[in-house]
Amino acid sequence: MTKKKLTKITMTPQASEWFQNEMHLKPGNGIKLFGKGYGETNAHQGFSQGIGRCDHPVDPVVDQVIDGIHYYIQAFDYWFFNGLDVAIDYDAQIDGPLMHFTPNDGSRLDATTGASQRV
């Protein structure tokens, strides 16, 4: 049995700036990424991603520090991200972040699931 790689989170400077400004973050603060029912992403149908302020996560399996801010995925939420890397960009049209998912095992996503969705 092959173990899946843990999720890698990448972010554009514009998205990082949005998080810091809109969520009033300072170095050492944190954001949790999680899955929720309803919606879709480019990797999921029937589920979408969420974000929330989380300076003290419970059982984080991913802790990616970007510009001094911790971006967490907690064990409870890892089902949504398992086998996927997350790229977060800023979209000026919606004035907010977009997440795009890519398999971290070299495979490709099914193109019928839809476009990246706003967080």
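Histidine 24 lies in the loop between helix H1 (13–22) and strand S2 (30–40). Its phi is near 50°, a positive value in a residue other than glycine. Helices (H or I, at least four residues) and strands (E, at least two) are DSSP runs, numbered from the N terminus. This is a predicted model: local features need pLDDT of at least 70, side-chain atom pairs count only at pLDDT 80 or more, and totals for chains, interfaces and linings use all residues. Residues are numbered from 1 along each chain as its sequence is written, and side-chain values use heavy atoms, with hydrogens and water left out.

- Ala15, Ser16, Trp18 and Phe19 of H1 are buried (under 20% relative accessible area; exposed is over 50%, partly exposed in between; 1.4 Å probe, protein chains only).
- Seen down the axis of H1, these buried residues fall within an arc of 160°, so they line one face of the helix. The arc is that of the directions from the helix axis to the C-beta atoms.
- An α-helix has 3.6 residues a turn, so residues three or four places apart point the same way.
- Histidine 24, with its positive phi, comes just after H1. At 61% relative accessibility, histidine 24 counts as exposed.

- S4 and S5 pair in the antiparallel sense over six bridges. Two strands pair if DSSP finds at least two bridges between them.
- Valine 65 stands opposite histidine 70 in S5.
- The hairpin has two residues between its strands, and aspartate 67 takes a positive phi there, near 55°.
- Aspartate 67 is found in the loop between strand S4 (60–66) and strand S5 (69–74).
- Most residues other than glycine have a negative phi.

**Burial of S5**

- Six of the six residues of S5 are buried, so this strand is largely enclosed by the rest of the structure.
- One side of S5 carries Ile69, Tyr71 and Ile73, the other His70, Tyr72 and Gln74; both faces are covered.
- In a regular strand the side chains alternate between the two faces of the sheet.

**Salt bridge**

- A search of the whole structure finds one salt bridge (a side-chain nitrogen of Lys or Arg within 4 Å of a carboxyl oxygen of Asp or Glu).
- The side chains of arginine 53 and aspartate 55 meet in a salt bridge, at 3.0 Å, N to O.
- Arginine 53 is partly exposed, with a relative accessible area of 39%. Aspartate 55 is also partly exposed, at 26%.
- Side chains of opposite charge can pair when their charged atoms come close.
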